[in-house]
Amino acid sequence: MPQAVAGPEIERLIQLLARMPGLGPRSARRAALQLIKKRDTLLGPLADAMRIAAERIVVCSSCGNVDTSEPCTICRDPERDPSTLVVVEDVSDLWALERSGAVKARYHVLGGVLSALDGVRPEHLNLASLVERAALPEVKEIILALNATVDGQTTAHYVTESIRHLDRKVTRLAHGVPVGGELDYLDEGTLSAAIRSRTAF
């Protein structure tokens with residue numbers, strides 16, 4: 001067990017930072033040291049921002065996005081296409097699609113994917129409200145923007161079966177060669193998906 005080099009408050013800061021994705025103990029120590037060195041310009045404002053966020057952040061009851069308003073900014077946006085509902089696994093996927101600017105639709109966050117190994121069953125996900133939203137008369141298309149993993153595809157099939165009775169158009173993101181990708185560096189699964197999803201040129 002390494003010996004503590006600072007007081008318990010600093011050690012707790014390091015331990016909490018180390019829980020963040022992509023930060024191990026060494027990176028957490030560097031981040032903590034940087035915060036401490038810039039107490040006035042970084043640590044103080046960050047602490048204030050985190051306190052305010054903790055007080056105000058809510059989960060949108062309609063789509064499952066996180067925001068400081070209810071319903072969220074996206075659900076209140078009148079410029080959104082109400083006929084298209086994009087289904088994502090997590091809020092991070094919603095944010096990634098928003099950054100791309102590829103779609104101006106409404107979203108639905110499932111809060112995970114079905115996983116027998118992890119014990120995630122349909123009742124653990126935001127599926128019942130998805131079926132309710134898909135049944136709204138203005139909804140014409142459901143885009144399944146789920147990860148191309150076994151659990152993601154299992155969830156996509158479950159969602160498709162759950163809304164089959166609604167007679168809605170169900171589509172999914174294309175799988176295959178990424179823009180700028182070189183075939184020699186791609187795995188066999190990606191190449192197979194690209195061949196199966198080939199389109200006219």
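This is a predicted model: local features need pLDDT of at least 70, side-chain atom pairs count only at pLDDT 80 or more; totals for chains, interfaces and linings use all residues.
Residues are numbered from 1 along each chain as its sequence is written, and side-chain values use heavy atoms, with hydrogens and water left out.

As for its geometry, α2 runs over residues 25–37, has 13 residues and reaches 18 Å from its first C-alpha to its last, close to the 18 Å expected at 1.5 Å a residue, where the expected span is 1.5 Å times one less than the number of residues.

Next comes helix α3, residues 39–56, in which we find arginine 39. Arginine 39 is exposed, with a relative accessible area of 55%, and, if we leave aside its neighbours within four places in sequence, arginine 39 is in contact with Gly44 and Pro45.

That brings me to the empty space. Rolling a probe the size of a water molecule over the atoms shows where such space is left. On a 1 Å grid over the protein atoms alone, a cavity is a set of points where a 1.4 Å probe fits but cannot get out, a pocket is an open set with protein on both sides within 12 Å along at least five of seven lines, and lining residues have an atom within 4 Å of a point. Grid points are joined across faces, edges and corners, and a volume is the space filled by probe spheres set on the points.

The largest pocket holds about 290 Å³ of space, and its lining consists of Leu13, Leu16, Leu17, Met20, Leu35, Leu43, Leu46, Ala47, Met50 and Arg51. Both α1 and α3 supply at least two residues of this lining, and the largest share, 5 residues, comes from α3. By class there are 9 nonpolar, no polar and 1 charged residues in the pocket lining, where Ala, Val, Leu, Ile, Met, Phe, Trp, Tyr, Cys and Pro count as nonpolar, Asp, Glu, Lys and Arg as charged, and the others, Gly among them, as polar.

How many cavities of 30 Å³ or more are there? The count comes to 1; the largest cavity has a volume of about 40 Å³, and Leu144, Leu146, Gln153, Ala156, Arg172, Leu173 and His175 line it.

Now to helix α5, residues 91–100, where Val91, Asp93, Leu94 and Leu97 are buried. These residues cover an arc of only 160 degrees around the axis, which puts them on the same side of α5. Their cover includes β2 (66–67), α4 (73–76), β3 (81–88), β4 (105–109) and β5 (141–145). Within β2 sits valine 66, which is partly exposed with a relative accessible area of 28%. Neighbours within four places in sequence aside, valine 66 is in contact with Ile57, Val58, Val59, Val91 and Trp95.

I will finish with the backbone. Most residues other than glycine have a negative phi, and most peptide bonds are trans. Just after α5, glycine 101 takes a positive phi of about 65 degrees. Aspartate 167, a residue other than glycine, also has a positive phi, near 55 degrees; aspartate 167 lies in the loop between α7 (150–163) and β6 (169–172) and is exposed, with a relative accessible area of 69%. Finally, a cis peptide bond joins glutamate 70 and proline 71, with omega about 0 degrees, and proline 71 belongs to the loop between β2 and α4.

Notes: Buried means under 20% relative accessible area, exposed over 50%, partly exposed in between (1.4 Å probe, protein chains only). Helices (H or I, at least four residues) and strands (E, at least two) are DSSP runs, numbered from the N terminus. The arc is that of the directions from the helix axis to the C-beta atoms. Contact means heavy atoms within 4.5 Å.
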